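Student: Could you take me through this structure step by step, beginning with the chain as a whole and then turning to single residues?

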Amino acid sequence: MTKIIGLTGGIGSGKSTIANYIQSLGYPVYIADLEAKKLMETPEMAARIEATFGADYVNHQQVNREKLAQHVFQNPEALQQLNAIVHPAVQAHFEQWVQLQSNAPFVFKEAAILFESGSYKNCDSIITVVAPIETRIERVIARDNTTREAVLQRIQNQWTDEERMARSDFTIQNTSLEDARLQTETILNLLKNQ
(Lines give C-alpha, C1' and ligand atoms only; values in the text may rest on other atoms or scores of the structure.)
Protein backbone atom coordinates (compact mmCIF):
# COMPACT_ATOMS: atom_id res chain seq x y z
CA MET A 1 0.00 0.00 0.00
CA THR A 2 1.39 3.39 -1.04
CA LYS A 3 1.91 5.73 1.91
CA ILE A 4 0.91 9.38 1.60
CA ILE A 5 3.32 11.96 3.00
CA GLY A 6 1.91 15.45 3.45
CA LEU A 7 4.29 18.32 2.75
CA THR A 8 3.13 21.72 3.97
CA GLY A 9 4.27 25.10 5.19
CA GLY A 10 3.15 28.70 5.15
CA ILE A 11 3.43 30.97 2.14
CA GLY A 12 7.10 31.71 1.41
CA SER A 13 8.40 28.88 3.61
CA GLY A 14 10.02 27.17 0.62
CA LYS A 15 7.82 24.07 0.53
CA SER A 16 7.71 24.20 -3.30
CA THR A 17 11.52 24.23 -3.40
CA ILE A 18 11.57 21.17 -1.12
CA ALA A 19 8.83 19.49 -3.22
CA ASN A 20 10.88 20.07 -6.39
CA TYR A 21 13.97 18.64 -4.69
CA ILE A 22 12.06 15.52 -3.57
CA GLN A 23 10.72 15.16 -7.13
CA SER A 24 14.25 15.47 -8.53
CA LEU A 25 15.23 12.48 -6.38
CA GLY A 26 12.60 10.40 -8.19
CA TYR A 27 9.67 10.49 -5.77
CA PRO A 28 6.13 11.19 -7.03
CA VAL A 29 4.96 14.63 -5.82
CA TYR A 30 1.45 16.02 -6.21
CA ILE A 31 1.41 19.84 -6.11
CA ALA A 32 -2.11 20.61 -4.83
CA ASP A 33 -2.04 24.37 -5.62
CA LEU A 34 -0.95 23.72 -9.21
CA GLU A 35 -3.62 21.05 -9.71
CA ALA A 36 -6.26 23.33 -8.14
CA LYS A 37 -5.36 26.05 -10.67
CA LYS A 38 -5.73 23.55 -13.52
CA LEU A 39 -9.08 22.35 -12.17
CA MET A 40 -10.30 25.96 -11.86
CA GLU A 41 -9.76 26.29 -15.62
CA THR A 42 -12.34 23.60 -16.36
CA PRO A 43 -15.78 24.77 -17.56
CA GLU A 44 -17.50 22.90 -14.68
CA MET A 45 -15.45 24.68 -12.03
CA ALA A 46 -15.86 28.07 -13.73
CA ALA A 47 -19.64 27.55 -13.77
CA ARG A 48 -19.71 26.71 -10.05
CA ILE A 49 -17.55 29.73 -9.19
CA GLU A 50 -19.76 31.99 -11.31
CA ALA A 51 -22.90 30.60 -9.63
CA THR A 52 -21.39 31.26 -6.17
CA PHE A 53 -19.53 34.56 -6.66
CA GLY A 54 -21.18 36.11 -9.71
CA ALA A 55 -20.25 36.92 -13.30
CA ASP A 56 -17.65 39.51 -12.19
CA TYR A 57 -15.20 36.70 -11.44
CA VAL A 58 -15.63 34.67 -14.63
CA ASN A 59 -15.17 35.81 -18.23
CA HIS A 60 -15.89 33.40 -21.13
CA GLN A 61 -15.63 30.39 -18.79
CA GLN A 62 -12.26 31.64 -17.51
CA VAL A 63 -11.97 32.37 -13.79
CA ASN A 64 -10.24 35.66 -13.02
CA ARG A 65 -8.07 34.07 -10.32
CA GLU A 66 -6.36 37.32 -9.33
CA LYS A 67 -9.64 39.12 -8.74
CA LEU A 68 -11.11 36.10 -6.95
CA ALA A 69 -8.03 35.76 -4.71
CA GLN A 70 -8.22 39.43 -3.81
CA HIS A 71 -11.88 38.97 -2.82
CA VAL A 72 -11.52 35.76 -0.81
CA PHE A 73 -8.40 36.80 1.11
CA GLN A 74 -10.28 39.84 2.41
CA ASN A 75 -13.41 37.86 3.24
CA PRO A 76 -13.12 34.66 5.36
CA GLU A 77 -16.66 33.55 4.48
CA ALA A 78 -15.92 33.83 0.74
CA LEU A 79 -12.67 31.89 1.26
CA GLN A 80 -14.67 29.09 2.92
CA GLN A 81 -17.12 29.08 0.00
CA LEU A 82 -14.28 28.83 -2.53
CA ASN A 83 -12.58 26.07 -0.53
CA ALA A 84 -15.88 24.13 -0.44
CA ILE A 85 -15.88 24.16 -4.25
CA VAL A 86 -12.18 23.54 -4.91
CA HIS A 87 -11.04 21.13 -2.16
CA PRO A 88 -13.39 18.21 -2.93
CA ALA A 89 -12.38 18.40 -6.63
CA VAL A 90 -8.66 18.45 -5.74
CA GLN A 91 -9.11 15.55 -3.28
CA ALA A 92 -10.89 13.42 -5.91
CA HIS A 93 -8.15 14.24 -8.46
CA PHE A 94 -5.44 13.40 -5.91
CA GLU A 95 -7.03 10.01 -5.14
CA GLN A 96 -7.02 9.14 -8.86
CA TRP A 97 -3.38 10.26 -9.10
CA VAL A 98 -2.35 8.08 -6.11
CA GLN A 99 -3.82 5.01 -7.84
CA LEU A 100 -1.50 5.67 -10.78
CA GLN A 101 1.50 5.65 -8.39
CA SER A 102 0.79 2.17 -6.96
CA ASN A 103 4.42 1.04 -7.53
CA ALA A 104 5.79 3.81 -5.29
CA PRO A 105 6.28 2.99 -1.59
CA PHE A 106 5.23 6.54 -0.78
CA VAL A 107 4.04 9.69 -2.53
CA PHE A 108 4.07 13.32 -1.45
CA LYS A 109 1.16 15.73 -1.40
CA GLU A 110 2.44 19.31 -1.29
CA ALA A 111 -0.30 21.65 -0.06
CA ALA A 112 -0.13 25.06 1.60
CA ILE A 113 -3.37 24.45 3.48
CA LEU A 114 -3.00 20.73 4.20
CA PHE A 115 -4.38 21.22 7.72
CA GLU A 116 -6.95 23.92 6.95
CA SER A 117 -8.48 21.80 4.16
CA GLY A 118 -8.66 18.67 6.33
CA SER A 119 -6.64 16.63 3.80
CA TYR A 120 -3.96 15.97 6.46
CA LYS A 121 -6.33 13.26 7.77
CA ASN A 122 -5.44 11.11 4.73
CA CYS A 123 -1.67 11.36 5.31
CA ASP A 124 0.50 8.68 6.93
CA SER A 125 3.16 11.26 7.88
CA ILE A 126 3.45 15.03 7.63
CA ILE A 127 6.45 17.26 6.98
CA THR A 128 6.22 20.99 7.70
CA VAL A 129 8.65 23.45 6.13
CA VAL A 130 9.31 26.57 8.21
CA ALA A 131 11.33 29.76 7.78
CA PRO A 132 11.57 33.05 9.69
CA ILE A 133 8.61 35.35 8.99
CA GLU A 134 10.73 38.14 7.48
CA THR A 135 12.44 35.65 5.14
CA ARG A 136 9.02 34.39 4.04
CA ILE A 137 7.72 37.91 3.39
CA GLU A 138 10.84 38.83 1.35
CA ARG A 139 10.59 35.63 -0.71
CA VAL A 140 6.92 36.20 -1.61
CA ILE A 141 7.41 39.90 -2.44
CA ALA A 142 10.27 38.95 -4.79
CA ARG A 143 8.41 35.97 -6.29
CA ASP A 144 4.96 37.52 -6.78
CA ASN A 145 5.92 41.19 -7.17
CA THR A 146 3.39 41.98 -4.46
CA THR A 147 3.18 44.13 -1.34
CA ARG A 148 4.13 43.36 2.25
CA GLU A 149 0.48 43.98 3.25
CA ALA A 150 -0.81 41.43 0.70
CA VAL A 151 1.66 38.81 1.97
CA LEU A 152 0.73 39.45 5.61
CA GLN A 153 -2.95 39.12 4.72
CA ARG A 154 -2.30 35.67 3.24
CA ILE A 155 -0.18 34.64 6.22
CA GLN A 156 -3.03 35.63 8.55
CA ASN A 157 -5.39 33.34 6.61
CA GLN A 158 -3.11 30.34 7.21
CA TRP A 159 -2.22 28.35 10.29
CA THR A 160 0.89 29.43 12.18
CA ASP A 161 4.16 27.48 11.96
CA GLU A 162 3.66 26.46 15.60
CA GLU A 163 0.20 25.05 14.87
CA ARG A 164 1.51 23.09 11.87
CA MET A 165 4.63 21.83 13.67
CA ALA A 166 2.56 20.58 16.63
CA ARG A 167 0.65 18.27 14.26
CA SER A 168 3.58 17.21 12.05
CA ASP A 169 5.94 14.26 12.23
CA PHE A 170 8.91 16.16 10.79
CA THR A 171 9.99 19.79 10.43
CA ILE A 172 12.44 21.24 7.91
CA GLN A 173 14.04 24.54 8.95
CA ASN A 174 14.48 26.26 5.57
CA THR A 175 16.96 29.08 6.10
CA SER A 176 19.69 27.72 3.83
CA LEU A 177 18.95 25.59 0.75
CA GLU A 178 21.89 23.24 1.34
CA ASP A 179 20.88 22.62 4.94
CA ALA A 180 17.21 22.16 3.99
CA ARG A 181 18.22 19.54 1.39
CA LEU A 182 20.25 17.64 3.99
CA GLN A 183 17.28 17.69 6.40
CA THR A 184 15.04 16.44 3.55
CA GLU A 185 17.40 13.54 2.78
CA THR A 186 17.48 12.56 6.48
CA ILE A 187 13.66 12.50 6.56
CA LEU A 188 13.49 10.48 3.33
CA ASN A 189 15.83 7.89 4.85
CA LEU A 190 13.68 7.70 7.99
CA LEU A 191 10.55 7.25 5.88
CA LYS A 192 12.20 4.47 3.86
CA ASN A 193 13.07 2.61 7.06
CA GLN A 194 9.64 2.92 8.72
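The questions and answers below go from the whole chain to a few of its parts.

Student: How many helices and strands does the chain have?

Tutor: Please keep in mind that this is a predicted model, and that the values discussed here are computed from it. The secondary structure of the chain consists of nine helices and seven strands.

Student: Why does the radius of gyration of the chain agree with that of a compact globule?
Tutor: The chain has 194 residues, and for that number a compact globule would have a radius of gyration near 16 Å. Along the principal axes, the C-alpha atoms fill a box of roughly 50 × 40 × 25 Å. The value for the chain agrees with the globule because its radius of gyration is 17 Å.

Student: What share of contacts in the chain, between residues at least 6 apart in sequence, join residues at least 24 apart?
Tutor: A contact here requires heavy atoms within 4.5 Å. Among contacts in the chain between residues at least 6 apart in sequence, the share that joins residues at least 24 apart is 72%.

Student: Is A32 buried or exposed?
Tutor: A32 belongs to helix α2, which covers residues 32-40. Leaving aside neighbours within four places in sequence, A32 is in contact with V90, K109, E110 and A111. Since buried means under 20% relative accessible area, and A32 has 8% relative accessibility, A32 counts as buried.

Student: How far apart in space are A32 and A112, C-alpha to C-alpha?
Tutor: In sequence, A32 and A112 are 80 residues apart. In space, the separation of A32 and A112 from C-alpha to C-alpha is 8.1 Å.

Student: Which residues form the covered face of strand β7?
Tutor: In a regular strand the side chains alternate between the two faces of the sheet. Strand β7 spans residues 170-173, and its uncovered face holds T171 and Q173. The covered face of β7 is formed by F170 and I172.

Student: Which residue in β7 is the bridge partner of V130?
Tutor: Strand β6, made up of residues 125-130, runs parallel to β7, and four bridges join the two strands. Within β7, the bridge partner of V130 is Q173.

Student: What is the relative accessible area of N174?
Tutor: N174 lies in the loop between β7 and α9. Not counting residues up to four places away in sequence, N174 touches S13, G14, V129, V130, A131, R139 and A180. N174 is buried, and its relative accessible area is 4%.

Conventions:
Residues are numbered from 1 along each chain as its sequence is written. This is a predicted model: local features need pLDDT of at least 70, side-chain atom pairs count only at pLDDT 80 or more; totals for chains, interfaces and linings use all residues. Side-chain values use heavy atoms; hydrogens and water are left out. The radius of gyration is taken over C-alpha atoms; the globule rule is 2.2 Å times the number of residues to the power 0.38. Buried means under 20% relative accessible area, exposed over 50%, partly exposed in between (1.4 Å probe, protein chains only). Two strands pair if DSSP finds at least two bridges between them.
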